[in-house]
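The sequence and structure come first.

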Amino acid sequence: MSTTVPIRLSVNGKPHELDVEPRLLLVHLLRDRLGLTGTHVGCDTSNCGACTVHLDGEAVKSCTVLAVQADEAEVTTIEGLAAGDDGLHPLQEAFWEDHALQCGYCTPGMIMAAADLLARNPDPTEEEIRLGLEGNLCRCTGYHNIVAAVRDAAAEMRGASAAAKTPEVV
Amino acid sequence: MGAPGAETAEREMPGGNGYVGRALKRKEDPRLITGRATYVDDLVLPSTLYAAIVRSPEAHARITAIDTSAAAAREGVEAVFTGEDLADMAAPCPMVWVPPGVEVHVPEHWPLARGKVGYVGQAVAVVLGDDKYAVVDAAEQVVVDYEPLPVVVDPEAALEEGAPIVHEQFGTNKVFEWSLAGGDVEGVFAAADVVLERRIVNHRTAGAAIEPRGALAEWREGHLTLWSSTQIPHIARVILSIQLGISEERIRVVAPEVGGGFGSKLQVYGEEVLVAWCARKTGRPVKWTATRSDDMLTTHHGRDQIDYVRIAARRDGKMTGIHVRVIQDCGSYHLIEGPVIPTFTSCVISGVYDFDAVQTDVVGVFTNKFTTDAIRGAGRPEATHLLEVCVDQLADELGIDRLELRRRNFITEFPNERPHGFVYDSGDYHGTLDRCLELLDLDAFQREQAQLRERGVHRGVGFSTYVEICGLGPSRALGPDGWGMQGGYFESAQVRVLPTGTAMVYTGTSPHGQGLETSFAQIVADRLGLDPDAIEVIHGDTNTGPFGKDTYGSRSLSVGGEAVARAAQKVQDKAKRIVAHKLEAAPEDIEVSEGAFRVKGSPEQALSLADVATEAYIPADLPEGMEAGLDEICFYDPDNFVWPFGAHACVTEVDVETGRVEIVRWIAVDDCGRAVNPKLIDGQVHGGAAHAIGQALYEQIRYDENGQLVTGTFVDYGLPTAAEIPSFETARTETPSPTNTLGVKGVGEAATIAATPAIVNSVLDALRPLGVSYLDMPLTPERVWAAIQEARR
């Protein structure tokens, strides 16, 4: 085997120190080394987005990031998106409620991309959602319900953050 | 096909608590939205070897030498195998379509090439090693000498005298010729006022499931376990047994979570057989996961027909006959059933129209490309496309409004036997079109279209009124003495009530996204008075439940779901006898209502399913002669196919400066019989229509003249994104199928079968003022722009 390089990173809030091949892709580190198989691989060319994770808070396609590039970074995967252990993120709730998934293979990447979109634009129009998810392919749903779910989750999250800002009246 | 006047299934109200028909959220979703589902590539076994496959860069060549020594010498490489090493295999890939009286040429197709390659991407050698990156490096060191042979890629050229022959032993590139006709075809064409003729190309596409194929094999104590991303674990076990010569009971095939199929995983691929062979050979688990490039090269393609269409009509608009000659590009080798697919075009060649005579002639052709086989719709999208495009063309020819022409020819009486023997079970073609036009508001559209045209904006609307055949299918119609498929097409189900009164359902279908864990639970819930959450639906493992026939041909609900309903009914019947015995009533006086088995008229006299289960599993006081347990099996083989139908309307806008087509509105009114879960139906319609939009506008598998695949990744193969697909306006009518007690029809393929002609007709409507009268798919900007320029000349 080739030379390895030591890296340190945090994944879903948990610190890891590993020695990796310089060519190891972040997605393979997550899947094969850390056992986080919720992040999927669907293409070789950064088109499908099934491998989308957050790297220091921004969505990246982890098949196009070397593990060494994630040195000293914070990574969030689908397994770490929801706050609690059993809770669901509003996007996960909305995907379930709106039937925004069928085979589920693109779903983790789609949700991670949507979370990034909503972080940048909390109230996107339908067109903004469609353009914002252009980097994620789904073959099952025709996107209709995915768009609806992102809109619904956005409303839910805006409602929650508005509620958080409103002083409680007693 | 399908007995004329096939008997109407007796329908009883299941009783229970009304879960069927409700848009419940899916039971399968929690694991999928949290990343906890297990797809094949997520599985890890101790000491697994990874496989990398050496593929042919040549489309047609003799293999003169293979040198594996450099690869085998690399650190971490366990073994390298070539076709010669696989000499102990029992059989090549079986092709299961053997039509009576028709010769089909079937070349031997082995997991690794033997002496010759026939397509780019054909597997030539496999490298096994401990590290999945290192085996890819090693595979590059396998040196293969090829002696190139002349290549043929165009199926019509392949049929010409002097064309390069793909398989010398047959002396021809013709795979088979097959024909199905009914009525006085010659007579109606001789008597016709008008005969419309068109050549329609239905180009090659990919299934493009987002999960690439993959397989993991383990050989332990003389037993093989294969985990595979497949739609057909049960069929795969039979075929693995045949190819590997392993006794069937020693093979277990598991389809874990499967990331989409669309027909492309209705297959037993060489790699599945190869990893199994390698696991037995090495004694270690062997895993192979396709890259997207592997998948585009060697996951079977679909469509690829050239259709020569003739329609005979009278001046008053009566369509009397249709004759289609189909040239099907089969590629160079078959997988399990490719050649049969174009014959399904014939099944619905009459469409929703009352033709007096129909004829479909199919010629299959070998070319130096990869195999074509079933992709969502499998032969029926081609039929709808050619028919619905030609109906619009005929309307123009006759000067009759295209919807009026359709309505004058709609079949209105059901069951309806078509000239070629198929019996449409039920339908209401005016009904779905009426609803579609209501949603569209055609008058308003036409006013808007006229105003926009004055401003140089080209908008059009196109329609498709379709019927499709699914619910595969009656074994006697499809089987060895009928269509010639070497198998039965029943489906199995087992419903097991557990001692505490909840239930397990085992289905022989193998869902991969359709939501059957939910819809089947709804069906059983109503029959047993349970909540769907108290019912687990188990599938995709040949070691659980009865032998099944898997998932394809929109059969899972109308055949698999009906089997589940009937098995649940058997459980209900037995439970009623137990309840009657305990409550001293007659079994026929017991009903399931509000979650319990109650005496009619005295609802307070009741037992819960848990009470019944206690009686059944502690059998101290069962009715005389009754066996213990509460566990029933059904094998259901339908009497007929089911025939979903509907009307789709598509509004497009064409930028005449660039040729770019934008879909402005999509209205889909589909009738798939009784709805079990409307949420799931809408999802299937959205996805099905999107699949067709991809073919109509963007997607094409293209080979160059040397047989090189030029659309080998998602960079070049235009899978549509959220930005290209419109929102869908969906509605349903519900015309129950008389074929099954649920009254259901399939919906997984319906919208894909319906949708492409609506787009083409819409674009032609938009471009009518410019004189563009016909276009083949895909309607790329380049093609549309060129047609506009040509028409202006």
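## Chain A: burial and contacts

Of the 170 residues in chain A, 53% are buried. The model is a predicted one. Where contacts in chain A link residues at least 6 apart in sequence, 60% of them join residues at least 24 apart.

## Chain A: elements and dimensions

Chain A contains five helices and five strands. Along the sequence, these elements of chain A come in the order β-β-α-β-β-β-α-α-α-α. The radius of gyration of chain A is 17 Å, close to the 15 Å given by the globule rule for 170 residues, so chain A is as compact as a globular protein of that length.

Taken along the principal axes, the box filled by the C-alpha atoms of chain A is roughly 60 × 45 × 25 Å.

## Chain B: a helix pair

In chain B, helix α10 (residues 380-398) packs with helix α19 (residues 750-767). Their axes are 8 Å apart, and the angle between the two helices is about 30 degrees. Because angles under 35 degrees count as roughly parallel, α10(B) is roughly parallel to α19(B). The crossing of the two, α10(B) and α19(B), is right-handed.

On the α10(B) side, the contact is made by B:Arg380, B:Pro381, B:Thr384, B:His385, B:Glu388, B:Val389 and B:Asp392. The α19(B) side contributes B:Thr752, B:Ile753, B:Ala754, B:Thr756, B:Pro757, B:Val760, B:Asn761 and B:Leu764. Sorted by class, the residues in this contact of α10(B) with α19(B) are seven nonpolar, five polar and three charged.

Notes:
Residues numbered from 1 in each chain as written. Chains lettered and ligands numbered in written order. Predicted model: local features only at pLDDT ≥ 70, side-chain atom pairs only at ≥ 80, totals over all residues. Axes fitted to C-alpha atoms, helices over the stretch in contact; angles between N-to-C directions. Helix = DSSP H or I, 4+ residues; strand = E, 2+ residues; numbered from the N terminus. Parallel < 35°, antiparallel > 145°, perpendicular 65-115°, else oblique. Left-handed = near helix turned anticlockwise from the far one by under 90°. Contact = placed C-beta atoms within 7 Å. Nonpolar A, V, L, I, M, F, W, Y, C, P; charged D, E, K, R; others polar. Rg over C-alpha atoms; globule rule 2.2 N^0.38 Å. Buried ≥ 20, exposed ≤ 12 C-beta atoms within 10 Å, placed from the backbone.
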